[in-house]
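Please open the model in your viewer and keep the selection panel at hand. The stops below go from the sheet to the helices.

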Amino acid sequence: MLLEHKGENRIQVSSTGKAYDHITGLLDSFSSKAKVVVELGCGSKQYRSCFNGRYVGLDIRSVVYLGNRPDIFADAQTLPFKDESVDLIFVVASLLIIPDTDKVISECFRVLRDSGQVVIFDYNRWVSKRLQRQDKYHLHSFSSRRLIQKLAMHCFETRVHWSCVPVKGPWVVKKIVSIKFIKILTYFISNWVIVSGKKRIS
């Protein structure tokens, strides 16, 4: 995740460097079929260990990164990859600060192979609204429905990942949350929206 801070003469972007368990769990389920993986807004590449294949971390140029630096400095709105050359693209808590999200999704569709997937983890509306009040760099607020509509508009087969929510506490709490109704309810009251899109076979 990236946090932007603007001083008088510079823009500084720093990564939180934190890996979330519910994100690593879902990424693990995609990892076996993904030979080439791209993370947009990778920060310090804390999710690199989820993948055995080729991983490319892409981010904007910055003066501060905690830990590892991105592999490529580039704009997610103009991806520097060939058509149909990537199996999986994911973005964690960064889409909300990118000006043209439709352009990002269009670029993902272009570079993904047939049946390739894009996975979006981002903050829900009320978290985004709070961030927008704090600074002007958080441009968007998302719901699962809005992200699904955007993906569908770009010809992706879509899915909301209801079961991918952060759950802390003793095993009995996790057992209760595994009940389908409770799982969906927990998703809606969590801080996250988590959706994916599968590129339709042409």
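This is a predicted model: local features need pLDDT of at least 70, side-chain atom pairs count only at pLDDT 80 or more; totals for chains, interfaces and linings use all residues.

Residues are numbered from 1 along each chain as its sequence is written, and side-chain values use heavy atoms, with hydrogens and water left out.

Begin with the open sheet of seven strands, whose order is β5-β4-β3-β6-β7-β9-β8 with mixed pairing; strands are DSSP runs of E with at least two residues, helices runs of H or I with at least four, numbered from the N terminus, and two strands pair if DSSP finds at least two bridges between them. At its edges, select β5 (72–73) and β8 (156–160), each of which pairs on one side only.

Next select residues 86–92 and 112–123, which are β6 and β7, paired in the parallel sense over six bridges; here L88 stands opposite Q117 in β7.

Finally, select helix α4 (residues 144–153), where S144, L147, I148, K150 and L151 are buried, that is, under 20% relative accessible area, with exposed meaning over 50% and partly exposed in between (1.4 Å probe, protein chains only). The face turned away from the buried side of α4 carries the exposed R145 and M153, and just after α4, C155 takes a positive phi of about 70 degrees.
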